[in-house]
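Notes below, in the order I looked things up.

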Amino acid sequence: MGIATVLSRAQRGIDAPQVRVEVDIGAGLPAFNIVGLPEAVVKESKDRVRSALCNSDFKFPCGRIIVNLAPADLPKEGGRFDLPIAVGILIASAQLTDVRCELNECEIYGELSLSGELRSMKAVLPAALAAATAGHSVILPHINASEAALVKDCEVIAARHIVEVCAYIAGTGRLERFRANVPSFTPAVTPDLCDVRGQPHARRALEIAAAGQHSLLLIGSPGVGKSMLARRLSGIVPPMNDAEAMEVAAVRSIAGRPLKPSEWRARPFRSPHHSVSAAALVGGGVYPRPGEISLAHNGMLFLDELPEFERHVLEVLREPLEVGAITISRAARQSEFPARFQLIAAMNPCPCGYLGDTNGNCQCTADQVRRYRSRISGPLLDRLDLHVYVPRLEFKSLRTGSGEASKEVAARVMRTRELQVRRQGGCNADLDNAAVERHCTPNADGLSILERATQRLGLSARGYHRVLKVARTIADMAGRPRIEFEHLTEALALRSLDRRQ
Ligand SMILES: [Zn+2]
């Protein structure tokens with residue numbers, strides 16, 4: 001009887017902290033205890049481990065078995081500790097010898113079936129990332145191997161059954177090694193802007209939003225093409241770099257929806273329905289899972305029919321919009337998930353949808369319109385940088401040729417983004433107040449119109465800073481070092497809801 005230690009990892013938010021699975025088998029009455037604050041699922045692991053070992057021609061030791069998952073204060077869930085516990089028991093009971101002496105540099109994860117097969121697990125990617133950083137290789141279920149192999153510098157050893165794992169550790173069998181396999185292709189083609197006829201103002205606003213990563217609100221009657229425009233944003237923003245793509249893949253891994261290779265590097269575009277709950281939007285659950293805003297990390301969150309969302313659901317967006325992350329507290333534990341997304345929203349101009357529309361016959365009263373718009377709180381409206389009205393096209397515009405293609409717009413957007421990165425290291429939407437003071441000072445003409453507009457519109461301090469950031473982007477698009485009168489005029493005109501209220 002003896003002691004064994006096997007390395008594994010837990011999951012907490014986007015992190016995968018190390019867990020040491022310590023197994024101690026001593027003399028005494030037969031007992032099998034797992035300590036270290038494991039939760040209900042880990043306790044069930046006892047039964048699976050016992051059956052898997054017995055059904056794989058190993059002996060379940062009859063002494064007093066204590067399994068300690070350290071550190072104790074780490075929340076642990078899922079069956080991912082089955083395999084390391086089973087391997088630890090076999091080593092501690094001398095049924096298995098680690099001939100390669102590799103287990104101090106190798107991590108093991110995997111849930112066992114009663115017959116000893118390895119089942120797939122969630123959140124493989126964050127674990128593989130952390131293992132690679134620690135210089136460890138990983139042994140895991142074959143079905144998860146290609147996902148883990150997205151991580152460069154991670155040696156991935158894949159197995160289908162506990163017997164294979166034991167033969168590998170004992171040096172009597174081989175296991176398949178997965179090489180790092182980051183897909184090299186570019187994202188699938190998204191819908192192209194050339195499909196959008198006319199709409200010069202909306203197209204301009206979309207380009208500004210893409211260039212400075214600003215949030216955007218599209219206002220227009222049903223069927224004028226608001227969501228058609230929104231869905232074309234991802235085709236004109238710069239592609240993700242490897243680090244961003246890996247963050248997106250990690251969130252998907254935690255959500256239990258691993259990326260398909262065809263989705264690699266494609267910016268996420270999430271469009272939850274307006275009946276979405278607050279928990280589904282920002283994340284939640286007993287074991288906190290990422291919500292829509294985290295699935296939209298490094299991409300876009302599109303909220304169609306904005307006033308139809310429950311107000312308290314929209315209010316929970318305020319924190320992530322400021323800090324780019326969301327902290328979910330459940331009982332004593334906290335999980336943080338990344339949530340840096342570009343918010344795109346769309347709404348009708350009034351409850352019936354046809355206010356100001358040449359086709360419609362709006363009978364909404366001014367009071368109804370005001371109540372409808374007030375469903376979007378001032379603080380949320382403040383956080384929407386650009387408000388643009390999308391009119392219905394005249395028949396003759398519908399017949400004109402196609403618009404400029406996404407590829408050409410994307411090239412301009414890319415140049416403007418590069419300029420921002422050279423100047424301040426990030427995009428204009430992310431400038432903090434001090435950086436706004438430093439980089440967004442208008443010339444004298446610009447300053448005077450800003451002063452007048454601030455008084456007339458009653459802009460909040462936040463709204464004021466946002467106007468300056470949008471004006472900075474417009475000036476950058478024009479290649480101007482200072483923000484001038486015309487840049488500010490355009491930025492102010494793009495806050496039409498402030499003006500109407
Ligand atoms: Zn109406």
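I started with D57, which sits in the loop between α1 and β4; helices (H or I, at least four residues) and strands (E, at least two) are DSSP runs, numbered from the N terminus. Before going on, I note that this is a predicted model, where local features need pLDDT of at least 70, side-chain atom pairs count only at pLDDT 80 or more, and totals for chains, interfaces and linings use all residues. Residues are numbered from 1 along each chain as its sequence is written, and side-chain values use heavy atoms, with hydrogens and water left out.

Is D57 buried or exposed? I got 76% relative accessibility, so D57 counts as exposed. My cut-offs: buried is under 20% relative accessible area, exposed is over 50%, and partly exposed is in between (1.4 Å probe, protein chains only).

Q199 also has a positive phi without being glycine, near 55 degrees. I found Q199 in the loop between β10 (176-178) and α6 (200-212). Its relative accessibility is 6%, so Q199 counts as buried.

I then checked omega and found a cis peptide bond joining A70 and P71, with omega about 0 degrees. P71 belongs to the loop between β4 and α2 (82-92).

**Zinc site**

Which atoms coordinate the zinc ion? I listed the SG atoms of C350, C352, C362 and C364, at 2.2 to 2.4 Å. Donors here are N, O and S atoms within 2.8 Å of the metal (3.2 Å for Na, K and Ca); water is not among the atoms, so sites may look incomplete.

The 4 donor atoms subtend angles of 107 to 114 degrees around the zinc ion, so I put the arrangement down as tetrahedral. For that label, four donors need all angles between 85 and 135 degrees; four count as square planar and six as octahedral if opposite donors are over 155 degrees apart and all others between 65 and 115, and anything else is irregular. For reference, ideal angles are 109.5 degrees for four tetrahedral donors.

Along the chain, the zinc donors are spaced C-x1-C-x9-C-x1-C. C350 and C362 are 12 residues apart, each in the loop between β18 (342-347) and α13 (366-373). I have C350 as buried because its relative accessibility is 0%, while C362 comes out partly exposed at 25%.

**Aromatic pairs**

How many aromatic pairs does a search of the whole structure find? I got 2. Rings of Phe, Tyr and Trp (its six-membered ring) pair if their centres lie within 6.5 Å; planes under 30 degrees apart count as stacked, over 60 as edge-to-face and the rest as tilted.

F32 and F60 make a tilted pair, 5.3 Å centre to centre with 55 degrees between the planes. F32 is in strand β3 (residues 31-35) and F60 in the loop between α1 (40-54) and β4 (64-70), 28 residues apart. Both come out buried: F32 at 6% relative accessibility, F60 at a relative accessible area of 17%.

The F269 and F302 pair is tilted too, at 5.9 Å centre to centre and 35 degrees between the planes. F269 lies in strand β12 (residues 269-270) and F302 in strand β15 (residues 300-303), so this pair ties together parts 33 residues apart in sequence. I marked F302 as buried, at 1% relative accessibility.

Back at F60, I noticed R50 over the face of the ring, 4.5 Å from its centre. My test for a charge over a ring is NZ of Lys or CZ of Arg within 6 Å of the ring centre and within 35 degrees of the ring normal.

**Helix α16**

I ended on α16 (residues 406-424), which has 19 residues and reaches 26 Å from first C-alpha to last, close to the 27 Å expected at 1.5 Å a residue. That expected span is 1.5 Å times one less than the number of residues.

Where do its buried residues point? S406, V409, V413, T416, R417 and Q420 are the buried ones in α16. Seen down the axis of α16, they fall within an arc of 105 degrees, so they line one face of the helix; the arc is taken over directions from the helix axis to the C-beta atoms. The face of α16 turned away from that buried side carries exposed K407, R415 and R422.
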